[in-house]
Amino acid sequence: MPPHATVVNLQLCPGNRLPREPVTSAKAIENLGLEGDRHARADSKRQVLLIEAETLEKLGLRAGDVRENITTRGIALMELPIGTRLRIGEALFELTVECEPCNLMDQLRPGLKETLKGQRGMLARVTQSGTLSVGDAILVESSFA
């Protein structure tokens, strides 16, 4: 991983199927998710979605188009094993599962669901509360590779 992995965008989902709202910082709450995000649920493996900006750019998409919370740059998320912990700002996240593209992707662009297979990003849970902001470094704290 390059030493300069960073957060380039943050988005919150205010409600079901509503567009993501860009924010400059967010509060991650342990075992819940991001404060103000409708996907914040206790004990869920799907509290936060991270995707690489490089993937979005390659596909001609903008930050938030695929409904991610955290857009990263400089880290190969899809190559990290499940259980990897990422320090982002003050918060700690644990990668839980690869995000499978849903039918909403084909509403954005026909065929996008199939195109995104294996590259939609990684879902994570919050294992330590804290604030994260656009521009924060992303540090791999532990990996089980």
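My entries below go from the whole chain down to single residues.

**Entry 1: the model.** I noted at the start that this is a predicted model.

**Entry 2: secondary structure.** How many helices and strands are there? I counted 3 helices and 11 strands in the protein. I then read the order from the N terminus: β-β-β-β-β-α-β-β-β-α-α-β-β-β.

**Entry 3: overall dimensions.** I looked up the radius of gyration and found 14 Å. A compact globule of 145 residues would have one near 15 Å, so the protein agrees with that expectation. I also took the extent of the C-alpha trace along its principal axes, which is about 40 × 30 × 25 Å.

**Entry 4: burial and contacts.** I checked what share of the 145 residues counts as buried, and the figure is 46%. Next I turned to contacts between residues at least 6 apart in sequence. Of these, 65% join residues at least 24 apart.

**Entry 5: surface and charge.** The protein exposes about 7,100 Å². Carbon and sulfur atoms supply 49% of that area.

**Entry 6: backbone angles.** Most residues other than glycine have a negative phi. I went after residues that depart from this.

Asp 43 has a positive phi of about 65 degrees, and it is not a glycine. I placed Asp 43 in the loop between strand S4 (33–34) and strand S5 (48–52). Is Asp 43 buried or exposed? I read 62% relative accessibility, so Asp 43 counts as exposed; the cut-off is over 50%.

Arg 67 also came up, with a positive phi near 75 degrees. Arg 67 sits in the loop between helix H1 (53–58) and strand S6 (70–73). The relative accessible area of Arg 67 is 16%, so I put it down as buried. Under 20% is what buried requires.

**Entry 7: Thr 127.** I ended on a strand residue. Thr 127 belongs to strand S9, residues 122–128. With a relative accessible area of 18%, Thr 127 is buried. Which residues does Thr 127 contact, leaving aside neighbours within four places in sequence? I listed Glu 30, Arg 85, Leu 92, Phe 93 and Glu 94.

How values were computed. Residues numbered from 1 in each chain as written. Predicted model: local features only at pLDDT ≥ 70, side-chain atom pairs only at ≥ 80, totals over all residues. Heavy atoms only, no water. Helix = DSSP H or I, 4+ residues; strand = E, 2+ residues; numbered from the N terminus. Rg over C-alpha atoms; globule rule 2.2 N^0.38 Å. Buried < 20%, exposed > 50% of the residue type's maximum accessible area, 1.4 Å probe, protein only. Contact = heavy atoms within 4.5 Å. Areas by Shrake-Rupley, 256 points an atom, 1.4 Å probe, with all protein chains shown as cover.
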